[in-house]
Amino acid sequence: MLSAGQARLLQLAAQGLLRPLRRRPRRNDVVATIERMRLLQIDTIHVVARSPYLVLHARLGDYPMAWLDEALARGQLAECWAHEACFVSAADFAWHRGGQDQRMHHWAQRHAARMHREQRTDMDALLAGIRASGPVRAADFASKEAAGKPGWWAWKPEKRWLEAWFALGELMVARRENFQRVYDLAEHVLAALDPPLDPAIATRSAADQRQRFILDSVRALGVTPAGWIADYFRLRPKVTQRELAPLLASGELLAVEVQGWTSPGYVHRDHAGLLDKALHGRLRATHTALLSPFDPLVWDRARVRAMFDFDYTLECYTPAAKRRYGYYVLPILHRGRLVGRLDAKAHRGDGVFEIKALFLEPGVSAGPLLVKALAATIADTARWHGTPEVRLGRTQPAGLARSLRAALDSAA
């Protein structure tokens with residue numbers, strides 16, 4: 001039986017968050033890290049670094065953000081709808097290209113299909129224009145945005161149509177310019193993928209695709225009950241123990257008891273070695289990192305509550321008066337535990353990384369080891385982000401501020 005702590009360590013190991021990288025990052029680490037997680041969620045909020053860059057920083061440390069954009073432009077990565085809008089490796093993309101019957105439950109595809117039914121003439125004209133004239137950005141269209149409307153409906157019509165064709169698979173993202181998508185015909189982007197698209201995979205059935213995503217989810221999660229698997233790739237219906245039984249019988253999955261769980265835990269056979277180390281107490285967590293709200297470790301709020309006893313909500317969508325911790329709060333990972341949260345804002349023009357508030361979890365002691373590691377992580381993140389001056393606001397407990405400021409001065 002795995003203890004709850006051993007299960008956490010196994011999940012962190014699978015996610016690349018158990019130990020810091022022991023060498024300088026290399027370009028190919030970006031794609032390798034995304035392959036390890038199976039996908040990298042995209043979000044445009046840039047109060048700190050945009051989420052995909054921050055997720056990679058938590059695992060790679062001081063890497064150039066341009067490496068992610070360059071990997072996309074070189075065809076080593078592709079964008080698609082998976083958990084949400086995500087980067088995936090070119091090697092995995094064929095699995096996302098096929099099985100459209102399975103994917104049409106996703107809100108993005110359903111919304112795009114409805115838009116095409118209702119606005120077919122305009123959407124078809126836009127697609128024909130790209131076919132005739134080449135790649136475009138939403139910024140290339142001058143129509144005004146629809147003010148006061150949420151979500152896709154806040155965009156100008158051309159942006160909505162581009163996104164709909166992207167969701168439906170007729171357009172893909174060839175590259176990004178200042179994080180803006182450059183859309184091109186899917187056939188052109190597919191031709192540039194490295195490695196090339198495997199057409200045999202792209203024509204596999206929805207059932208094959210579902211099984212692949214189940215296995216990929218279990219691999220990415222390290223250890224998981226059946227109930228957490230579907231969220232990773234937004235699969236429907238939910239994954240059940242009965243559905244997993246053939247994968248246990250074939251040896252592709254392993255079953256393990258986890259202390260406190262009422263149902264079996266599942267481990268991918270690729271992690272048999274990690275499972276053995278976890279069972280024998282040979283996994284050690286030494287990493288400290290600031291996590292994006294959209295990091296795979298924390299994006300499933302029920303899972304992170306169960307695994308780490310960490311109750312987390314992204315409050316940027318909550319009215320200011322009702323926020324408990326702040327607008328864009330980053331979970332703090334320290335040596336295998338989520339020990340606190342940090343509300344930060346990057347003032348890029350001034351080179352300032354402002355910590356509006358920092359909260360330690362109840363029962364977490366602000367000892368010298370934690371304070372030193374936290375200061376080093378904050379300073380490293382600030383330098384990587386181009387905002388090396390750290391300004392510390394309030395802390396909880398209040399006494400943490402003095403020791404953390406001293407440690408930040410030493411780390412500067």
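Strand E6 (residues 180-185) runs antiparallel to E4, joined to it by 2 bridges. The model is predicted: local features need pLDDT of at least 70, side-chain atom pairs count only at pLDDT 80 or more, and totals for chains, interfaces and linings use all residues. Residues are numbered from 1 along each chain as its sequence is written, and side-chain values use heavy atoms, with hydrogens and water left out.

Helices (H or I, at least four residues) and strands (E, at least two) are DSSP runs, numbered from the N terminus. Two strands pair if DSSP finds at least two bridges between them.

**Exercise 1. Describe how H9 packs against H8.**

Step 1. Take the geometry. The axes of helix H8 (residues 120-133) and H9 come within 10 Å and cross at roughly 80°.

Step 2. Classify. H8 and H9 are therefore roughly perpendicular to each other. Angles under 35 degrees count as roughly parallel, over 145 as roughly antiparallel, 65 to 115 as roughly perpendicular and the rest as oblique.

Step 3. List the contact (heavy atoms within 4.5 Å). H8 supplies Asp 122, Met 123, Asp 124, Leu 126, Leu 127 and Ile 130, while H9 supplies Glu 158, Trp 161, Leu 162, Ala 164 and Trp 165.

Step 4. Sort by class. There are 8 nonpolar, no polar and 3 charged residues in this contact of H8 with H9. Ala, Val, Leu, Ile, Met, Phe, Trp, Tyr, Cys and Pro count as nonpolar, Asp, Glu, Lys and Arg as charged, and the others, Gly among them, as polar.

**Exercise 2. Work out the contacts of H12 with H5 and H14.**

Step 1. Start with H5. The axes of helix H5 (residues 90-97) and helix H12 (residues 206-221) come within 9 Å and cross at roughly 135°. That makes H5 oblique to H12.

Step 2. Name the residues. Asp 92, Trp 95 and His 96 of H5 touch Asp 208, Gln 209, Arg 212 and Phe 213 of H12. They split into 2 nonpolar, 2 polar and 3 charged.

Step 3. Turn to H14. The axes of H12 and helix H14 (residues 241-249) come within 12 Å, crossing at roughly 80°. H12 and H14 are therefore roughly perpendicular to each other.

Step 4. Name these residues too. Arg 210, Gln 211, Ile 214 and Leu 215 in H12 meet Glu 243, Leu 244 and Leu 247 in H14. The classes are 4 nonpolar, 1 polar and 2 charged.

**Exercise 3. Trace the sheet that contains E12 and E13.**

Step 1. Read the order. An open sheet of 5 strands runs E9-E10-E11-E12-E13, with mixed pairing.

Step 2. E9 and strand E13 (389-396) each pair on one side only.

Step 3. Inspect one pair. Strand E12 (residues 352-360) and E13 are parallel over 7 bridges. Phe 359 stands opposite Gln 396 in E13.

Terms used:
Axes are lines fitted to C-alpha atoms, for helices over the stretch in contact, and angles run from 0 to 180 degrees between N-to-C directions.
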